[in-house]
Amino acid sequence: MKIGRNESCPCGSGKKYKKCCLDKSDEQRLAEAVLRSSENLKNEAHIKQCLHPNKDECDEKIIKAHAIQNNRILNKISENGMIISMDGVQHLIFQIAETKGRKIATVFTGFCKYHDKILFQEIEDKPFTCTSKQLFLMTYRTMAWHYHKKQEQINAICIHYEKLREEGFDLAKSNDFLDYLTILSIGNSDNDAEKKQFDEYLLEEKFDVISSVIWEIPYEVSFAVSMMTELEHDIKGNKLNDMMSGEPTAKIYLNIFPTEGKSLCIWSWLEDNNKCYKEFGNQFEQLNIVDRENYFNNNLPRWTDSIVISPRLWDYWQQPIQEAFITHANFDVLYRQMEQETNDYAYKYMDTPWNLFDNLAEQ
């Protein structure tokens with residue numbers, strides 16, 4: 001797009017183009033435009049909706065619902081009402097550790113007040129005993145949170161590139177952007193199909209459709225996770241999902257949380273996906289405790305931004321370990337390249353300076 005010397009500069013400064021960005025290099029102008037387009041992007045991309053399939057029952061108030069229970073889980077993990085968050089709400093690309101109040105941690109505007117209260121009563125108001133209904137609702141809420149986050153991510157990307165286009169950088173025509181948008185669209189279509197399946201089971205009150213592997217830990221851990229993902233390989237290195245094929249992928253869910261003097265680690269998935277994940281579940285159950293912990297210590301920072309950590313554990317690690325953990329969370333691309341070069345995806349014990357499963361009561 002050609003800009004006249006006396007036209008208003010597209011950067012939005014209010015100055016004429018000749019007095020502002022005319023003499024700047026394309027690289028400098030693009031870098032500055034990217035920074036400007038990222039400002040306030042989180043708020044602009046924010047979505048308020050009720051994801052419950054029965055819209056006739058919705059009330060008008062969309063609330064900030066907790067994906068990880070506030071009173072039962074975050075309250076245990078918090079210190080003076082604060083937790084360490086890796087949930088990726090503030091940053092769209094790089095993960096950092098943020099200290100935030102437990103009342104605002106893991107919240108999302110994905111349900112109306114009525115449905116958030118009525119739908120999740122079985123896991124909010126009763127002890128978690130791993131009944132089929134509780135497993136379904138816990139998995140459903142994890143699915144809803146990540147479904148909502150993906151929609152906001154796509155919304156943010158579209159707003160970001162529209163702002164750049166207004167400044168003269170039509171990156172939407174680039175092959176890299178088109179490839180990225182295609183990947184996002186495929187992921188969103190997969191999520192839509194997954195949610196539709198869950199919604200059908202929910203309306204039919206068909207709760208015994210969840211397959212699971214449950215590991216009970218005999219003490220309260222100092223972190224929690226609520227994640228949805230598509231595992232590419234099982235523990236032995238066999239391919240589970242081909243992310244580059246364009247074919248639908250099978251979702252799996254992981255929830256780890258402290259409760260009533262113990263902790264639960266729950267893998268869950270729709271039984272429709274048993275072909276993909278049943279053997280993986282068997283492999284996980286065959287791991288000894290040390291390898292289970294090590295498997296998670298190495299993979300959780302890579303897999304998910306949906307981690308909350310107790311400040312007690314975070315401070316116990318101290319700064320060098322904290323920095324190593326954050327670095328590990330941001331270097332997934334590098335680890336993928338290393339795996340591709342060796343064509344070896346099987347789990348092997350690899351020590352980490354951090355241990356999410358540190359039992360602080362024994363320290």
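**The second largest pocket and its surroundings**

Guide: Let's start with the lining of the second largest pocket, whose residues divide into seven nonpolar, four polar and four charged. Here Ala, Val, Leu, Ile, Met, Phe, Trp, Tyr, Cys and Pro count as nonpolar, Asp, Glu, Lys and Arg as charged, and the others, Gly among them, as polar. Please keep in mind that this is a predicted model, in which local features need pLDDT of at least 70 and side-chain atom pairs count only at pLDDT 80 or more, while totals for chains, interfaces and linings use all residues. Residues are numbered from 1 along each chain as its sequence is written, and side-chain values use heavy atoms, with hydrogens and water left out.

The second largest pocket holds about 320 Å³ of space. A pocket is an open set of points on a 1 Å grid over the protein atoms alone, with protein on both sides within 12 Å along at least five of seven lines; a cavity is a set where a 1.4 Å probe fits but cannot get out, and lining residues have an atom within 4 Å of a point. Grid points are joined across faces, edges and corners, and a volume is the space filled by probe spheres set on the points. Of the 15 lining residues, H52, I118, L119, L202 and E205 are the closest to the pocket's centre. Two or more residues each come from α4 (113-119), α5 (121-124), α6 and α7 (175-203), and α4 gives the most, with four residues. These helices are DSSP runs (H or I, at least four residues), as strands are (E, at least two), numbered from the N terminus.

Helix α6 (132-166) also supplies at least two residues to the lining of the largest cavity, as do β6 (223-229) and β7 (252-259). About 140 Å³ of space lies in that cavity, and the structure holds three cavities of 30 Å³ or more. Among the 15 residues that line the largest cavity, I73, M138, R141, N255 and F257 lie nearest its centre. Its lining has ten nonpolar, four polar and one charged residues.

R141 has another neighbour: R141 lies over the face of F120, at 5.0 Å from the ring centre.

How values were computed: Lys NZ or Arg CZ within 6 Å of the ring centre and 35° of its normal.
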